[in-house]
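Have your viewer ready, and try each task before reading its solution.

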Amino acid sequence: MSGMDKNNDQKRLDENLDRLLRLGEPAPRMPEDLKSGIRSKLFEVEQGSGKKNIPPGRRTVWALAAAAALVFFFIAVWNGGAPAGIVWADVQGHLDQVHTLTFNGLTRTGMQVTGRNKVYYKDPGLSRSEEYPPDAGSGPVKEGPRKITIIRREPGRNEGVTLYPGAGRGELFDSVVLTDGTKPPSQPPMDLASFNWELMKETAADKTRRIGDRVINGIPAVGFEFEIPDRVYVNPERQVHAKLWASADGGAPLLIEVESRDPQGQNMRTEYSDFRWNVPLDESLFDLAVPKSWGLSRTRAETAEYSDAGLAPGVTLQIGPHGRDPLTETEDVAGVVRGEQLTHPDSVIPRDVRLTIELNPEAIQRLRDYARANRDELLVVDFNGQIKVVPNLYGTGPSQLSFNLSLLDLPLAELEERYFTTTIERNGL
Amino acid sequence: MVKRTTAQSEPEIDFRRLRRRDKEEVGRWFDAYSDPVYGFIFYRVGRDADLAGDVAQETFVSALETIERFNPRRGEMFPWLTYIARNCIRKALRRRGRDEALPDFWNAVDHELARAIMGMGSHIFPEELLAQKEIAELVRMALTNLPLRYQTALRRCYFEELSLHEIAAMEGINQGAAKVLLHRAKLAFRAAFETISASIFKGQGEGKATP
């Protein structure tokens, strides 16, 4: 290519770049209200914090508990925000008086009805949600439910069943969280009252706003609106917009409207109505029995949170590229953090056991740097010279990693006895 | 003495204080990067301001939670944040049921267009090409990918239409150095523009596009 050609190419390039750049625009700035929201979230991020994984089974439980919490919360907020004579301190007294509750839920995604539920709650910690076909029509539901989820909660443990009447199938689940110290279990608080109180502590009465009056089913109602944390999908960072309409005569809630987004990001609008408080609820509504002729499957999830555990003397753990010298040695293991086990008692599916450990910060950084620089190589955990498995280098904490110990074919309780120093007490669990 | 006109001019952050989650430093860090990170995300989620806000929040919270992983000796903060933002965008779009990491209209960009862009030095772009909205969007996306100093220089030159003298004064450098800065910023823009274009066209063939 001649010098003149090169010059021409350069000119064309410059001209094209100039013309392209003029097509640009100043990038939008982050809105100030968003900035202030994020800034306050960031101030809550603590040193050494990390996202905790919540097993799927617990997510279901969590969602259901959250729905109940939402309703209790609204009752409380309604009192707290009311203009006449009621103060926030009255909320506790009001909640204390509600021990059973039923309501209907209707969810629309866009204009389409996508969910229809009937929900029952009974203290302490009993819940039943009946899911009906979205097209079951308005008014009283005549068709039977297509899915029923019943959960019985107690501190550190949840038992439940999901029933599919159409298919004649039931799935029993049992989720246990153990801890060997003062460290609280990672499980969200399942006890209904404590969860509600936690929510209310976070929201002050002055965060509610009056939104005028309307008539609902012929009853004059006054409205309030609030922003509350979206706990339903375990995303407390997101705020959910809600409105509560209460009877102008006596103040009983008549309708709660919540606008949120589902996990796929679609806008959802859920209405809770037909509230009935302190109605007698038969214990059989919360019975976990599966009809005899139905198909049945069971799963059991067990999470052990170790507060001060390590590898037992003599147990070795090395991590490094497959077939090469290790990058970390046993001494780099700062602690054993968590054991998780999922079993399927009625199935040939083998148990799944996973261990999370904490490494010294330098050691975990070494591993991650190596993995980034050598993407075509496998890093392997050599556990006690017995098995080699590939770890997940990004665990729930900044210096944590996890790996699967299922190949040892031992239950978590036995792994603890043989390989870790932990004082966890199982009491037969 | 003339200062070096490189892109090494990210805001000075005290990482020791940031790692301790010192409130003042966290605020300074967030204020320094909130706008460029938001701009970076905005075009990559199809200008959906709500989604961009959600993704930006997830990005900054994730970044602060894992700030111990950031090593200033290995690179600058803004590219590290955009790396996290990309993952958050991918997750957010997946949650929304989108397979591709870019809005559907990118599918309109055809291979003729790809060839035209790649031949930037061999012919003058025709007006019809520049009139395509996808090209303008590519330009905006590429701009948000640049180091902060280059973004600022190009913004002042092309959108605020400041003179070389004014840009030099604002940067605290002489006019010659400002010219070099703009030249380097344009080269960086070209590289980003071509890389993003190439990844999109390649992504079309493979069914994925993640610039």
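The exercises below go from the interface to the cores.

This is a predicted model, in which local features need pLDDT of at least 70, side-chain atom pairs count only at pLDDT 80 or more, and totals for chains, interfaces and linings use all residues. Residues are numbered from 1 along each chain as its sequence is written, with chains lettered from A and ligands numbered from 1 in the order in which they are written.

**Exercise 1.** Find how many residues of chain A are in contact with chain B, and which element of chain A gives the most.

Step 1: Apply the contact rule (C-beta atoms, placed from the backbone, within 7 Å). On chain A, 38 residues touch 47 residues of chain B.
Step 2: Sort by element (helices are DSSP runs of H or I, at least four residues; strands are E runs, at least two; both numbered from the N terminus). Helix 1 of chain A leads with 10 residues.

**Exercise 2.** Work out which residues meet where helix 2 of chain A touches helix 2 of chain B.

Step 1: From chain A come A:Lys35, A:Ile38, A:Arg39, A:Leu42 and A:Phe43.
Step 2: Their partners in chain B are B:Lys23, B:Val26, B:Gly27, B:Phe30 and B:Ser34.

**Exercise 3.** Identify the element that gives the most to the largest nonpolar core.

Step 1: Join buried Ala, Val, Leu, Ile, Met, Phe, Trp, Tyr and Cys residues through C-beta atoms within 7 Å, where buried means 20 or more other C-beta atoms within 10 Å. The largest such core has 55 residues.
Step 2: Helix 2 of chain B gives the most to this core, 10 residues.

Technical notes:
Contact = placed C-beta atoms within 7 Å. Buried ≥ 20, exposed ≤ 12 C-beta atoms within 10 Å, placed from the backbone.
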